[in-house]
Amino acid sequence: PVFGPCDAGELLRQVAGMYGPVRKDVAWAVDAPEGPVPARWDADMVKRALINFVDNAVGALAGAGRIRLAAEAEGEQIRLSVEDDAPGVPEADRERLFEPYFSTKRKGTGLGLAIARRIAEDHGGEAFFEPLPRGSRFGLRLPPGG
């Protein structure tokens, strides 16, 4: 990683902005503080991880639905998350989600979540999955300093 100053909220807005015009059947929401959320990360790498989460969320929706991107403080870390209201991840698959080459998709390579986990680790943080009552939440917990 090449660490430099960035704004975590702006990264979320950029990722949502890439998809919104293309996927009009999805209700997009970005939940980030009004002001800057300063961090010292490799912005391109963190954005890549977020794109991997959004790609999975869009694929899981298989049509219309909702995707929410959020940035919030969680203790000493910044939590970036992508949540959807798709059917969710089967319980039997949850333990293997971040393993390389594991995929629940027919055409998936199984690398997107493994890459996201590696990006989190390269930043001194972690990638996570949380099941929701309807849907899933994937994200990163990263220290603001990189």
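Reply: At 17% relative accessibility, F129 counts as buried, where buried means under 20% relative accessible area, exposed over 50% and partly exposed in between, computed with a 1.4 Å probe on protein chains only. The structure is a predicted model, in which local features need pLDDT of at least 70 and side-chain atom pairs count only at pLDDT 80 or more, whereas totals for chains, interfaces and linings use all residues. Residues are numbered from 1 along each chain as its sequence is written, and side-chain values use heavy atoms, with hydrogens and water left out.

The ring pairs come next. Rings of Phe, Tyr and Trp (for Trp, the six-membered ring) pair if their centres lie within 6.5 Å; planes under 30 degrees apart count as stacked, over 60 as edge-to-face and the rest as tilted. By this rule there are three aromatic pairs. Y19 and W28 form a tilted pair, because their ring centres are 5.8 Å apart and their planes stand at 35°. Y19 is buried, at 12% relative accessibility, while W28 is partly exposed, at 22%. F129 and F138 also make a tilted pair, because their centres lie 5.0 Å apart with the planes at 45°. F138 is buried at 8% relative accessibility, and F129, as noted, is buried at 17%. Ring pairs join F129 and F138 with F53 into a cluster.

A further ring has a charge over its face: R141 lies over F128, 4.2 Å from the ring centre. The rule here is that NZ of Lys or CZ of Arg be within 6 Å of the ring centre and within 35 degrees of the ring normal.

Helices (H or I, at least four residues) and strands (E, at least two) are DSSP runs numbered from the N terminus. The protein has three helices and seven strands, and from the N terminus on the elements run β-α-β-β-α-β-β-α-β-β.

W28 has I67 in β4 as its bridge partner. Strands β2 (residues 26–31) and β4 (residues 65–74) pair in the parallel sense over six bridges; two strands pair if DSSP finds at least two bridges between them. On pairing with β5 (residues 77–84), β4 runs in the antiparallel sense over eight bridges, and A71 stands opposite L80 in β5. The hairpin of β4 and β5 has two residues between the strands, and G75 there takes a positive phi near 65°.

F53 belongs to the buried residues of α2, which also include L50, V54 and A57. Helix α2 (residues 43–61) has 19 residues and reaches 27 Å from its first C-alpha to its last, close to the 27 Å expected at 1.5 Å a residue; that expected span is 1.5 Å times one less than the number of residues. In an α-helix there are 3.6 residues a turn, so residues three or four places apart point the same way. D42 caps the N-terminal end of α2, with a side-chain oxygen 3.2 Å from the backbone nitrogen of D44. Just after α2, A62 takes a positive phi of about 50°.

The wider nonpolar setting follows. A nonpolar core is a set of buried Ala, Val, Leu, Ile, Met, Phe, Trp, Tyr and Cys residues joined through side-chain atoms within 4.5 Å. The largest such core has 38 residues, and W41, L50 and L80 have the most contacts inside it. Two or more residues come to this core from each of α1 (8–19), β3 (38–41), α2, β4, β5, α3 (112–122), β6 (126–131) and β7 (136–142). Helix α2 gives the largest share, ten residues.

Polar side chains are buried as well. R137 is in strand β7 and is buried at 17% relative accessibility. The side chain of R137 makes polar contacts with the side chains of E83, at 2.9 Å, and E130, at 2.6 Å. A polar contact is a pair of N or O atoms within 3.5 Å; within protein, one must be able to donate a hydrogen and the other to accept it, and residues adjacent in sequence count only if both atoms are side-chain atoms. H123, in the loop between α3 and β6, is buried at 1% relative accessibility. A polar atom of the H123 side chain lies 2.8 Å from the backbone oxygen of I119.
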